[in-house]
Structures are given as structure tokens and as C-alpha cells.
Amino acid sequence: MNHLNSWKLATLLLAAASLLHAADAPAANDEESPATEAQRAALEKSAASAATTAQQAIEAANPKHLPAFPGAEGFGALATGGRSGTVYHVTNLNDEGPGSFRDAVSQPNRIVVFDVGGIIKITKEVEVNSNITIAGQSAPGEGICIYGNGVSLGGQSNIIVRYMRFREGIAGDRGKKALGMDKASNIIVDHCSVEWGRWDDIGITVGSTAITIQNCIMAEGIHPQSFGALIDTVTNVTLSHNLWMSNESRNAKVKGTAQYINNVVYDWGITGLCGGHSAADHSLDVINNYFIKGPSSNNQFAGQFLKTDHVYSAGNLVDLDRDGTLNGQPVTEDGYKDKNGSPTFVTAPAMHPAIAVTTDSAADAYAKIVADAGCSFHRDAVDLRLISELTSLGLKGHTLDHTNDKGEALAGGMREIKSGPTPKDTADDGIPDDWKTAHGLDPKNPADAAKLDATGYSNLEVYLNSLVAANSSKH
């Protein structure tokens, strides 16, 4: 079975498994599941079954465990995306129609590249299909931003997303997320900026499995909640090397099995990292993260944990003095305690993905996030402001009033994102002529893009990965 058919099977089986609990499961936009604890236990069992099915498809499609790209880690790192599929060029900033982002992701088995940079304003949710690579690093100028009513990966599998901005904003529907996925599997989101969500910035829910969110920024949730992320009824989720900042709470809230490694949480409002806070059993590895109090923060950098939350905690630091200096102290077990209670602590990590997360010290993770988190190929004015607030180490930043319907305008709103020149691509296959020539390929032959090299990546992927490597050397 080829890898595209394997992913198609995974999607169908995951969807079928989810039907067993769809009536009682939380909708993709709901705050919490309305289910009873007995119903939630059934949801957890069904999610575990779906995860097993998805994992079998992952192994069939990628038995050699080739990372989605160099640096891909965690449970979503084995995605192959649109490898061996067709190339689709986004040629305009229109909401829909030929050459639009919406049209690009409407069909499976594609690698999406960008011939234009700027802001794509959407009036309704964009639904992304399976077996897709979205290569935001290919956008010219200052890159690309999807601004409006949210992007959904719901019900889909095998997706790679890199160097994109997803900002919902107050014009989006109440209850939506800037980026959401329910009943989704084998997805990696890398170096993206996910901001201004109207319920949470990001949502991973309803039986989703094998997901990695790495090197991203989740910030400034807006009216009516101002929350970072709801991770609910999931298995095998990796959250690593991310910046969570200026969200009132849920940085993230985790119900399921997940690892939380080398994140920075800055300027939470009510609570930083949140436990599952339910009678169902959850498992969370919390390793070498940095919690830094900001102007909006209380001292509750972690909370909402119960004894049913099984937590491995090691190497975490917390800086509560707001003195402009990074001088955190070790997090103790008491730091997880609030009026709800505290978790059950375990003595060893429970999460072991096929491609392990490279684990830095909390201080080194902070430095890497400052240098490179989010859509950092070309940071725009919004993310530059956020990083400036973070590096004030307690002196700047604020959560956006979740009762105020001015939304992102409270932080200055969107700023211009400039496009730039597009390199000549005679074959229209996503690889510029000069790169092909330099690497012994024929600039006129479109078949070269899909050919696999000795590493197992297609020539187009090698080119796209080379852009990232060249840019990373600048940091």
C-alpha cells in the first residue's frame, strides 16, 4: 500500500471511530465537553482505539521513520504531507477562487507554495484537506497571514504546516479558534504564529492523535475568552519549544496524553498551564519549561489539576519577581496546587514518541524561543512587538480584555505584511531555476520536483528545507 492510500485509510478509520462518540463529544468550538464522567470515559476509550488505528497507518506509510522535515520531533513528526503529490501555487490574496489559499487546500495530495506574500482576509472558515504540505517559508517578502474566521484541520490526517500566521480576530465568529483540529491525526505545525482566537488560539480535540505543535507562538486570545489552547480528549500530543503569552488561561489546558517540553509561558492572567480538571485519567509530561510572570499575571503559573492528572515534572523554572531579569527558581510540586487540588506526580516520563523531542534547559529554551519562535522566517510587526514584551521579563505586555469587543485593536491590530519578488520557476513546479541549476536538475523539467533523493525527501522538499536551513543560520 502506498503512503497516500495509507493516509486515506487512516482518515476513514479515524472518522469511523469518532462516530462512536460524536453525539456526546465536544463540538470543535465548544469550551468543554458536556458529557457525564461515564460518557467521558467512553470518549477516552474510543479516542485510544482511534489512536491505535492511526498509528498503524502511520507505520505503514513511513516505516523508516523519516521526519516530516529536518527538526521535526514528537508525535506528529512522521507526517509525509503532500510528498509525491501535485504542486499548487497560491498566486493571489483572494478569499476564494483559482490561485487562492482556500482553493489550494481544498483537495488532498498537494504541496502548497506561495508566489505572493501579504494578508489573506477570509470571511468563512478555511477547511484543509488531508495529505497536504503548506510551505509558508516559500512566500516572498514578509510572508503570509490568514486573517479572519479561522482555519480547520478537522477530520483530516497527514498534514505539515510551516511558517504560517493564523490570526482570527474579532471579525471571526464567536466560539471559533484561529487554528483548530478535531478528529485529526498525524499533523505537525512548526514555526507558526497563532493569535487572536475568539475561544482559544488553538484547539486539538475530539479524539485527535499524533499531533506536534513546535516552535510556535500562541498569544493574545480575545473576546470572549482570551485563552491559549484547549487540548481535549486526545492521545499522543507534543507541545514543544512554544511561546504562550498574554492569554488569560489555558497555556495550554490538557485532557489526554501529552508532553509539554521547553515551552515559555509569559504574562498569563488567571492561570498558566492548566490540568484536565476532570474525573478521567490524564497523563502529562512537563519538562524544562519556563514560566515568567508579566504585568497581567497572578502567581498561579499552573493550576486546575486533580489527582486524576498524572504529571511528570522535571527541570521547570518559574520567575515571579517581574524585575526585568531572567532569574527563575525551580518549580516544586506545590506550584501545581490551587483551590481545586493538585495532580498525582509520577517518577518517570510517560510519553515516548518515535522521534524524541530534543530537550534543552529551560534557560536555553527561552533563548531559542526569543530568537526563532513563531513565523520567524520574517517576523512581522505583531510578533516583533510580542517578543519585545517577552524580553522585558515582566515589565511589558498585557492580556486583551476578554469583555471588550474591540479585540485585537486593543493591541494595535494588524499591520502591513509586504510581499516581494518571486524567483523564476520555468517548470512551475515550486523550485526556482537557479536552485535547480545549482543542484544538477533541469529547470524546464517539472517532473524533477516529485523525485525522491537519497534521503527520501522529494527535490521540492529538499529545496523548501534548504530555505529554512539558510534562514536559521541567521539567528
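**Backbone, pockets and packing**

User: Is Gln304 buried or exposed?
Analyst: Its relative accessibility is 18%. Under 20% relative accessible area is buried, over 50% exposed, and in between partly exposed (1.4 Å probe, protein chains only). At 18%, Gln304 therefore counts as buried.

User: What kind of model is this?
Analyst: Residues are numbered from 1 along each chain as its sequence is written, and side-chain values use heavy atoms, without hydrogens and water. Local features need pLDDT of at least 70, side-chain atom pairs count only at pLDDT 80 or more, totals for chains, interfaces and linings use all residues, and the model itself is predicted.

User: What phi does Gln304 have?
Analyst: Gln304 sits in the loop between β23 (302-303) and β24 (309-314). Helices (H or I, at least four residues) and strands (E, at least two) are DSSP runs, numbered from the N terminus. Gln304 is not a glycine, yet its phi is positive, about 65°.

User: Which loop holds Val206?
Analyst: Val206 also has a positive phi, about 50°, without being a glycine. Its relative accessible area is 5%, so Val206 is buried. The loop is the one between β13 (200-205) and β14 (209-214).

User: What is omega for the cis peptide bond that joins Asn251 and Ala252?
Analyst: Ala252 lies in the loop between β17 (243-245) and β18 (253-261). For the cis bond from Asn251 to Ala252, omega is about 0°.

User: Which element gives the most to the lining of the largest pocket?
Analyst: Two elements give two or more residues to its lining, α4 (362-372) and α7 (459-472). With five residues, the most comes from α7.

User: What arc do the buried residues of α4 cover?
Analyst: The buried residues are Ala362, Ala365, Tyr366, Ile369 and Asp372. They lie on the same side of α4 because their arc around the axis is only 165°. That arc is taken from the directions from the helix axis to the C-beta atoms. The value is 165°.

User: Which helix do the buried residues of α4 pack against?
Analyst: Contact means heavy atoms within 4.5 Å. The strands in contact are β17, β19 (264-266), β22 (290-292) and β25 (317-319). The helix is α5 (381-391).

User: What angle lies between the planes of Phe101 and Phe114?
Analyst: The structure holds eight aromatic pairs. Rings of Phe, Tyr and Trp (its six-membered ring) pair if their centres lie within 6.5 Å; planes under 30 degrees apart are stacked, over 60 edge-to-face and the rest tilted. Phe101 and Phe114 are 6.2 Å centre to centre and stacked, with an angle of 20°.

User: Which strand holds Phe114?
Analyst: Phe114 is buried, at 2% relative accessible area. Its partner Phe101, in helix α3 (residues 101-104), is 13 residues apart. Phe114 belongs to strand β2.
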